[in-house]
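I opened this notebook to keep track of what I looked up in one protein model.

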Amino acid sequence: MPSEKSSAKAIFLSSRAFSEKVERYFAEYLPESKEIADVESLCCYLGVSRRRLFELAKEKRYADIVENALCRIAAQKKQLAFRGGIPATVFSFDFKNNHGYSDKPEQTASDTTIVLEGKAKEWSE
């Protein structure tokens, strides 16, 4: 039984073939299917698992292609969210789960250090 990596190589004989298939997803498949661009939809179209797509993103010859595709998906979803096409919570979850985004930690007063020098130090006393 072939490993997942060897089967992926059989599916994508070159980075150019992979790039062309990704481009067909955006240029042909999405307009014809009327689907919203999505990581899982892209994976189904490419015939790979979500896990495998993220593994491909770590391989030098596929990294830029995957990153560009993820950026295009994120941009489309962001515009959809701006127009009220998806709830903010769904958008937030998707960006954290599929695009590596995270909430900024809130900074509390105890995390802040203020250094007063010169005249400011005298005024603070």
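**Ground rules.** I am working with a predicted model, where local features need pLDDT of at least 70 and side-chain atom pairs count only at pLDDT 80 or more, while totals for chains, interfaces and linings use all residues. Residues are numbered from 1 along each chain as its sequence is written, and side-chain values use heavy atoms, with hydrogens and water left out.

**Whole chain.** Helices (H or I, at least four residues) and strands (E, at least two) are DSSP runs, numbered from the N terminus. I then checked burial: 28% of the 125 residues are buried. Buried means under 20% relative accessible area, exposed over 50%, and partly exposed in between, with a 1.4 Å probe and protein chains only. For contacts (heavy atoms within 4.5 Å), I noted that residues 24 or more positions apart make up 55% of those with a separation of 6 or more.

**Cores.** Which residues have the most contacts inside the largest nonpolar core? I found Phe-18, Phe-26, Leu-46 and Leu-53, in a core of 21 residues. A nonpolar core is a set of buried Ala, Val, Leu, Ile, Met, Phe, Trp, Tyr and Cys residues joined through side-chain atoms within 4.5 Å. Helix 2 (15-33), helix 3 (39-46), helix 4 (50-56) and helix 5 (60-82) each supply at least two of its residues. Helix 5 gives the most, with 6 residues. I also noted a second, separate core of 5 residues, including Phe-91 and Phe-95.

**Leu-53 and Val-39.** Leaving out residues up to four places away in sequence, I listed the contacts of Leu-53, among them Phe-18, Val-39, Leu-46 and Leu-70. Val-39 lies in helix 3. I wrote Val-39 down as buried because its relative accessibility is 0%.

**Ser-41.** I found Ser-41 in helix 3 as well. Ser-41 is buried, at 11% relative accessible area. Apart from neighbours within four places in sequence, Ser-41 is in contact with Tyr-25, Tyr-29 and Glu-35.

**Helix 6.** I checked the span of helix 6 (residues 88-99): its 12 residues reach 15 Å from first C-alpha to last, close to the 16 Å expected at 1.5 Å a residue. The expected span is 1.5 Å times one less than the number of residues. Which residues of helix 6 are buried? I listed Phe-91, Asp-94, Phe-95, Asn-98 and His-99. Seen down the axis, the buried residues of helix 6 fall within an arc of 100°, so they line one face. The arc is that of the directions from the helix axis to the C-beta atoms. Those buried residues pack against helix 3, helix 4 and helix 5. On the other side, Thr-89 and Phe-93 are exposed. Gly-100 follows helix 6, and its phi is positive, near 75°.

**Pocket.** Last, I looked up what lines the largest pocket, and the list includes Cys-71, Ala-74, Lys-78, Phe-91, Phe-95 and Tyr-101. A pocket is an open set of points on a 1 Å grid over the protein atoms alone, where a 1.4 Å probe fits, with protein on both sides within 12 Å along at least five of seven lines; lining residues have an atom within 4 Å of a point. Helix 5 and helix 6 each supply at least two lining residues.
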